[in-house]
Protein chains: 2
Amino acid sequence: MVLTKSSQELYGEYTARMQKIADVKYSAAVLQWDQETYLPPKGAEFRARQLATLSEIAHEWFTAAESGQLLEELYGRHDLTDDQRRNVILSLEDYNKQKKFTPAFVRRLSEASSRCFHTWLQARTTNSFAVFSPELQNMIRLKKEEAELAGYEQHPYNALLDQYEKGATVSLLDKVFSEVRQPLRQLLDRISGGRPVDDQFLRGNYPKQQQWDFGMELIRQLGFDFEAGRQDLSEHPFTTNFNSHDVRITTRVDEHDFSNMTWSCIHETGHALYEQGLPAEYYGLPLGEYASLGIHESQSRLWENNIGRSYEWWQTVYPRLQSVFPKQLGAVSLESFYKAINKVQPSLIRTEADEVSYHFHVMIRYELEKKLIEGNLSVTDIPAWWNEHYAAWLGVTVPDDKRGCLQDVHWSHGSFGYFPTYSLGSFYAAQFFAAAKNQVAGLEASIGQGDTRPLLHWLRENIHRWGRRYTSEELCLRSTGKTLDISFFLGYLLDKYDNIYKF
Amino acid sequence: MVLTKSSQELYGEYTARMQKIADVKYSAAVLQWDQETYLPPKGAEFRARQLATLSEIAHEWFTAAESGQLLEELYGRHDLTDDQRRNVILSLEDYNKQKKFTPAFVRRLSEASSRCFHTWLQARTTNSFAVFSPELQNMIRLKKEEAELAGYEQHPYNALLDQYEKGATVSLLDKVFSEVRQPLRQLLDRISGGRPVDDQFLRGNYPKQQQWDFGMELIRQLGFDFEAGRQDLSEHPFTTNFNSHDVRITTRVDEHDFSNMTWSCIHETGHALYEQGLPAEYYGLPLGEYASLGIHESQSRLWENNIGRSYEWWQTVYPRLQSVFPKQLGAVSLESFYKAINKVQPSLIRTEADEVSYHFHVMIRYELEKKLIEGNLSVTDIPAWWNEHYAAWLGVTVPDDKRGCLQDVHWSHGSFGYFPTYSLGSFYAAQFFAAAKNQVAGLEASIGQGDTRPLLHWLRENIHRWGRRYTSEELCLRSTGKTLDISFFLGYLLDKYDNIYKF
């Protein structure tokens with residue numbers, strides 16, 4: 001007699017397995033967080049192998065044949081709840097994707113990434129792309145192999161995009177970027193002919209401790225739960241989480257640049273509010289995870305830009321800021337401050353770019369990555385291609401590779417297909433914010449009073465609580481009534497800068 | 001044809017296996033460190049399960065049949081180097097001990113420990129031993145079971161002692177403690193009849209930041225490598241390590257108690273110097289691990305007491321301290337300071353005890369634990385037994401259980417047999433320090449100049465670099481020419497207090 005396990009029994013096994021894998025993955029995340037915040041320099045070597053071991057365990061467990069059998073079996077059961085079924089379907093999808101990569105390939109990629117990252121650091125120190133070039137070539141070879149292993153339709157880059165943004169394709173991105181390129185170019189041109197904006201006072205002397213304290217105040221005010229997270233310092237700001245009750249953000253403080261810390265705090269808080277809003281009961285399961293990188297970025301950008309660079313919000317917050325820095329800002333009007341924090345000025349570094357020129361940084365990387373993955377550009381030609389496009393699209397001259405094609409860490413980690421999600425984030429953010437304003441009576445008034453709780457509530461209801469249940473496009477359709485529509489973003493920008501630069 | 005692997009090939013497999021287990025164990029240590037230092041409150045729940053999963057993996061891998069086969073096979077090989085052979089012998093010992101405990105028993109113990117710890121916290125809050133009693137009873141039942149599973153000669157408590165201090169037995173400890181009890185009792189009596197010592201000025205107002213900075217200065221001066229470690233704040237000071245290049249210590253700061261932070265810094269630095277001195281090339285192998293808890297504690301106590309409470313060392317350090325706290329200590333002479341930091345005063349709390357009365361705290365716990373494991377005292381009778389012995393042995397009246405038998409966390413974690421290693425640490429420390437002074441010309445003079453490098457060098461050569469190669473007693477014999485001899489400790493104390501209290 002064959003004993004058949006009940007669906008609930010099987011589902012319990014699946015949950016236990018997934019949660020143990022999550023334990024290992026999140027443990028690795030703790031080690032990574034520590035690496036970026038507190039690790040003493042000599043500890044790096046052994047830390048790398050500890051991280052590698054944890055990743056290996058998580059990958060092995062997830063891609064084990066038992067995982068597959070369990071998922072296939074559950075997939076055939078018809079007495080699961082909707083949520084259970086959704087978890088199983090998503091996990092099976094993940095499983096089928098992951099098992100295409102042999103442990104040997106995963107190890108090769110991980111080792112290549114370590115080498116590539118260290119070479120990238122050296123290349124930056126010596127300001128020499130040539131140092132980076134061989135390892136980058138190797139990495140691109142591996143990414144092409146990865147695309148072939150994963151499989152794709154139409155374009156190999158689609159296989160890479162899919163890892164960060166399920167459903168995103170070259171044809172979708174080509175369309176979206178072609179829709180924004182012209183209008184943004186025209187906006188940049190109009191702005192360069194508009195009245196100049198002074199932002200010099202943002203680079204006065206802002207003592208670190210006071211900046212930190214003010215940042216912490218903002219984060220709290222925006223709804224970050226300090227019982228379920230914390231902020232620390234690191235070289236590059238980031239958000240990570242070990243479960244939805246432990247979400248960590250980091251920032252950096254520059255005494256001579258008020259903007260540096262403040263908007264990084266708001267940006268990371270946006271990411272963190274999303275993570276804190278994911279359902280804890282689905283720990284380790286797809287419904288407890290974020291929808292996509294584009295959606296994650298929509299949350300950070302909505303808070304950073306649509307709120308954190310809005311006139312409305314600063315109406316109440318600015319007087320408080322002035323009281324913290326009376327010498328630096330006491331004589332600066334809200335109008336002047338608002339203009340300064342929104343100053344548009346095409347420049348070299350993506351992470352320092354304004355809301356308009358930012359997307360040219362992304363589009364350049366997107367076009368370049370496509371060519372590299374297609375094999376239509378050789379790695380040694382990257383600097384020339386890069387510099388040419390920065391001149392043509394942004395009107396800036398790249399003085400050296402450090403401030404050019406060596407500026408981002410992404411490629412050294414093997415993250416190809418990642419950059420477009422930054423722009424998608426801005427586009428979704430504008431659409432979500434417009435919908436929230438439409439759906440929530442008095443939303444703008446409450447923001448004008450410094451109360452963003454109604455907005456957070458809308459995001460929790462429409463985005464956060466769903467985890468990975470819906471794709472980006474499904475989420476967008478459900479919460480805004482439309483799939484991604486670039487006109488919200490363009491409308492928001494044109495309206496904002498028309499006001500600031502008085503065309 | 002059976003292919004036989006070479007010994008070096010097998011040894012390579014053993015090393016790889018042990019190091020992967022170490023990766024997992026040290027990852028757990030990172031999570032634990034974070035739990036004590038930075039974890040936001042709501043993160044505790046999921047953190048507990050992440051830690052449980054990592055412990056389970058480490059235990060499963062280590063006790064797997066393959067581990068045993070590999071170790072047995074290596075044990076039979078005769079072409080290993082001395083170091084290799086030593087590693088294999090020690091790992092096989094560990095394996096044979098560990099495999100006596102089924103995963104189910106390990107889980108039961110771990111779950112009982114979580115419950116017991118939480119009940120202990122509640123019992124402290126409500127100041128009620130009755131709340132703790134049922135869980136403690138259960139824990140003692142499990143520890144007896146553990147002793148039976150592990151096996152022992154003569155006394156079940158020996159099985160528990162052995163986990164912390166290999167080779168330590170009830171008969172050895174009975175002998176050692178009987179040798180110190182009388183002389184220490186007489187010393188306490190003489191001191192209580194001696195001239196009173198004023199230490200009121202240590203409880204003035206010492207601003208936190210200045211204390212912290214001074215503590216960091218001391219730690220650095222004592223030789224702690226901040227490139228290979230760091231100090232943070234936690235509720236209870238501790239040392240942990242993730243490899244010998246990443247050793248973390250913690251402390252706490254009390255504005256109204258200068259002693260609280262300072263000697264915790266020195267104590268933990270003693271532990272940390274040991275860990276930083278273990279051979280990194282033996283990462284994950286027995287020769288890269290500490291010898292025993294008694295030896296570990298000998299290092300912390302040697303630095304805390306034999307150096308950190310010595311007149312010689314403070315000769316150079318005290319003027320610097322006075323310059324940091326001129327208002328608080330400017331008018332206090334070195335003599336008065338020295339007496340104050342060595343004031344003897346029997347009291348209720350072990351962790352705050354002076355060097356003389358400390359060992360009565362340990363002896364009371366030792367006698368009590370023996371009785372509990374023998375089954376000669378019921379858990380409900382602990383408070384009465386405790387209070388009676390504090391009155392008889394230390395002359396203090398225990399006002400409540402919080403300041404009595406609920407003061408230590410150890411039992412709630414299932415750590416029975418741990419306390420004696422604290423006293424052994426002091427005894428070994430005195431013997432090691434005497435040997436170092438004997439063997440290193442000018443050692444005391446250099447300490448008098450605030451230079452402890454020659455002492456650290458002696459410890460590195462005689463203790464640290466050997467890892468677990470020798471047992472405590474072997475280490476002691478090799479480095480001092482004698483096995484543990486209590487007369488060094490007694491001589492040190494009698495000499496010191498004779499000087500301070502002028503009998």
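# A tour of the two chains, stop by stop

Select A:Asn127 to begin: this residue counts as partly exposed, because 14 C-beta neighbours lie inside 10 Å, a count that falls between the limits of 12 or fewer for exposed and 20 or more for buried. Keep in mind throughout the tour that the model on the screen is predicted. A:Asn127 sits in the loop between helix H5 (103–126) and helix H6 (129–150) of chain A, and although A:Asn127 is not a glycine, its phi is positive, at about 50°.

**Along chain A to the next loop**

Move on to A:Gln154, which is placed in the loop between H6 and H7 of chain A. A:Gln154 too has a positive phi without being a glycine, in this case of about 65°. Is A:Gln154 buried or exposed? With 9 other C-beta atoms within 10 Å, A:Gln154 is exposed, since the limit for that class is 12 or fewer.

**Helix H7 and its partner**

Now select residues 156–164 of chain A, which form helix H7, together with residues 358–374 of chain A, which form helix H15. In general, a pair of packed helices is described by the angle between the two axes and by the distance between them. For H7(A) and H15(A) the angle is about 125°, and the axes are 8 Å apart.

To look at the contact itself, show the side chains of A:Pro156, A:Tyr157 and A:Leu160 on H7(A), which meet A:Glu369, A:Lys370 and A:Ile373 on H15(A). The residues of this contact comprise four nonpolar and two charged ones, with no polar residue among them.

Stay in helix H7 of chain A and select A:Tyr164. This residue is buried, as 20 other C-beta atoms lie within 10 Å of its own, and 20 or more is what the class requires. Which residues does A:Tyr164 touch, once those up to four places away in sequence are not counted? They are A:Ser292, A:Leu293, A:Gly417, A:Tyr418 and A:Thr421. For one of these, A:Thr421, the separation from A:Tyr164 is 257 residues in sequence, yet 7.6 Å in space from C-alpha to C-alpha.

**The nonpolar cores**

A:Leu160, already seen on H7(A), is also one of the residues with the most contacts inside the largest nonpolar core, which has 92 residues. To find others of that group, select A:Leu187, A:Val356, A:Tyr428, A:Ala430 and A:Tyr497. Helix H17 (residues 419–439) of chain A gives the largest share of this core, with ten residues. Centre the view on A:Ala430, which touches A:Asn306, A:Phe488, A:Phe489 and A:Tyr492 when residues up to four places away in sequence are left out.

**Across to chain B**

In chain B, select B:Glu145, which lies in helix H6 (residues 129–150). B:Glu145 counts as partly exposed, with 14 C-beta neighbours inside 10 Å. B:Pro156 is eleven residues from B:Glu145 in sequence, and their C-alpha atoms are 9.6 Å apart.

Next, find B:Glu36 in helix H1 of chain B. B:Glu36 is partly exposed, with 17 other C-beta atoms within 10 Å. Setting aside its neighbours within four places in sequence, the contacts of B:Glu36 are B:Ser234, B:Phe238 and B:Thr250. The C-alpha atoms of B:Glu36 and B:Glu235 are 7.3 Å apart, although 199 residues separate the two along the chain.

**Where the chains meet**

Finally, colour the two chains separately and turn to the interface, where 31 residues of chain B are in contact with 31 residues of chain A. The elements that give two or more residues to the chain B side are helix H1 (7–37), helix H2 (44–63), strand E1 (229–233) and strand E2 (239–243). Of these, H1(B) gives the most, with eight residues. By type, the residues on this side of chain B are 15 nonpolar, seven polar and nine charged.

Key
Residues numbered from 1 in each chain as written. Chains lettered and ligands numbered in written order. Predicted model: local features only at pLDDT ≥ 70, side-chain atom pairs only at ≥ 80, totals over all residues. Contact = placed C-beta atoms within 7 Å. Helix = DSSP H or I, 4+ residues; strand = E, 2+ residues; numbered from the N terminus. Nonpolar A, V, L, I, M, F, W, Y, C, P; charged D, E, K, R; others polar. Axes fitted to C-alpha atoms, helices over the stretch in contact; angles between N-to-C directions. Core = buried A, V, L, I, M, F, W, Y, C linked by C-beta atoms within 7 Å.
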